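Here is a short note to read alongside the model, written for someone opening it for the first time. Please keep the viewer open as you go through the points.

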Amino acid sequence: MKRVVLLDLDDTLLDFGKAEKRAMCRTLTEWHLPTDDATLALYSRINDAYWKRFERGEIDRREVLVGRFRDFFAALGVRDTDAEAVQNRYETLLAEGHWFVPGAEELLPALAPHYDLYLASNGTEKVQMGRLTSAGILPYFRGLFLSERIGAAKPSAAFFDAVFAAIGEERRRGAVMVGDSLTSDIRGGIDAGLVTVWFNPRGKAPDPAVAPDKIITSLGELPDFLGSLPSLNA
């Protein structure tokens with residue numbers, strides 16, 4: 001039986017930062033707003049805070065998507081702007097095109113013959129499906145687990161329980177979660193009893209309270225680590 005490997009998408013396989021900047025600049029330009037670094041950084045801080053609240057279960061997805069733009073416009077001093085309309089346009093633009101994280105394009109065909117790969121993402125379904133299709137990597141995955149479909153998000157137990165309810169609870173043993181987020185991917189994976197691999201190419205500070213089984217700084221390190229794990233048949 002092949003080992004299950006759950007892979008995050010944003011900033012693990014596809015470069016979300018580049019996609020986000022492109023979509024934000026196009027959206028802001030259409031609304032005649034500035035696209036300088038300070039404005040983009042302001043949006044990023046507000047957006048990150050909303051997603052952290054979502055991960056903690058404090059707010060739902062809709063409040064993240066619309067609320068971040070509502071607060072962003074308020075911080076800019078812009079009034080009478082339809083935050084939902086801006087969100088819809090931004091999401092459409094974000095779903096277009098893709099950029100690979102270095103090594104991702106080579107990683108998937110290398111892993112797919114040896115492991116059962118599944119995508120595990122908190123991203124919006126419309127956006128993720130557009131980017132996955134553009135990148136041409138859907139055939140490498142045996143299934144997609146998107147929090148919007150499941151009705152629960154990483155790091156919640158409900159998300160991972162839904163994954164293994166679908167693919168078989170027996171597949172949880174020895175399964176691996178790979179992702180760039182300590183609070184979402186690694187915290188969730190640890191709580192779910194999985195082997196966890198933190199992809200940390202930018203050298204972010206570790207958190208003693210969230211200790212992954214392995215830290216990698218490049219995706220090229222992942223095959224050797226997976227190959228070093230004990231056989232599931234032992």
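How many bridges join E1 to E4? Three bridges join them, and the two strands run parallel.

Before the rest, some ground rules. This is a predicted model, in which local features need pLDDT of at least 70, side-chain atom pairs count only at pLDDT 80 or more, and totals for chains, interfaces and linings use all residues. Residues are numbered from 1 along each chain as its sequence is written, and side-chain values use heavy atoms, with hydrogens and water left out.

1. **The sheet.** Six strands make up an open sheet with parallel pairing, in the order E3-E2-E1-E4-E5-E6. Strands (E, at least two residues) and helices (H or I, at least four) are DSSP runs, numbered from the N terminus, and two strands pair if DSSP finds at least two bridges between them. E3 and strand E6 (214-216) are the edge strands, each pairing on one side only. From one strand to the next, the twist averages 20°; axes here are lines fitted to C-alpha atoms, for helices over the stretch in contact, and angles run from 0 to 180 degrees between N-to-C directions.

2. **Strand E4.** This strand is covered on both faces: Val176 and Val178 on one side, and Met177 and Gly179 on the other, are all buried. Buried means under 20% relative accessible area and exposed over 50%, with partly exposed in between (1.4 Å probe, protein chains only). In a regular strand, side chains alternate between the two faces of the sheet. Methionine 177 is the bridge partner of leucine 6, and methionine 177 also stands opposite threonine 196 in E5. The chain crosses from E4 through H9 to E5 in a right-handed β-α-β crossover. Right-handed means that, with the strands pointing away from the viewer, the path from the first strand over the helix to the second runs clockwise.

3. **Helix H9.** Which structural elements do the buried residues of H9 pack against? They pack against H2, H8, E4 and E5, contact meaning heavy atoms within 4.5 Å. H9 covers residues 182-191, and its buried residues include Leu182, Ile186 and Gly189. Glycine 193 follows H9 and has a positive phi, near 80°.

4. Four bridges join E3 to strand E2 (residues 115-121), in parallel, with leucine 119 opposite leucine 144. Between E2 and E3 the chain passes through helix H6 (residues 125-135), and this β-α-β crossover is right-handed. H6 lies across E2 and E3, at about 150° to E3. Helix H8 (residues 157-167) lies across E1, E2, E3 and E4, at about 155° to E3.

5. **The nonpolar cores.** A nonpolar core is a set of buried Ala, Val, Leu, Ile, Met, Phe, Trp, Tyr and Cys residues joined through side-chain atoms within 4.5 Å. The largest has 30 residues, of which Leu7, Leu13, Phe141, Leu222 and Leu226 touch the most other members. H5 gives the most to this core, with four residues. Leaving aside neighbours within four places in sequence, leucine 222 is in contact with Leu7, Leu107, Leu111, Val178, Val197 and Ile216. A second, separate core of 27 residues includes Phe16, Ala23, Leu40 and Leu94.

6. **Backbone details to look at.** The peptide bond from lysine 154 to proline 155 is cis, with omega near 15°, and proline 155 lies in the loop between helix H7 (147-150) and H8. Histidine 32 is not a glycine, yet has a positive phi of about 60°. Histidine 32 sits in the loop between H1 and H2 and is exposed, with a relative accessible area of 74%.
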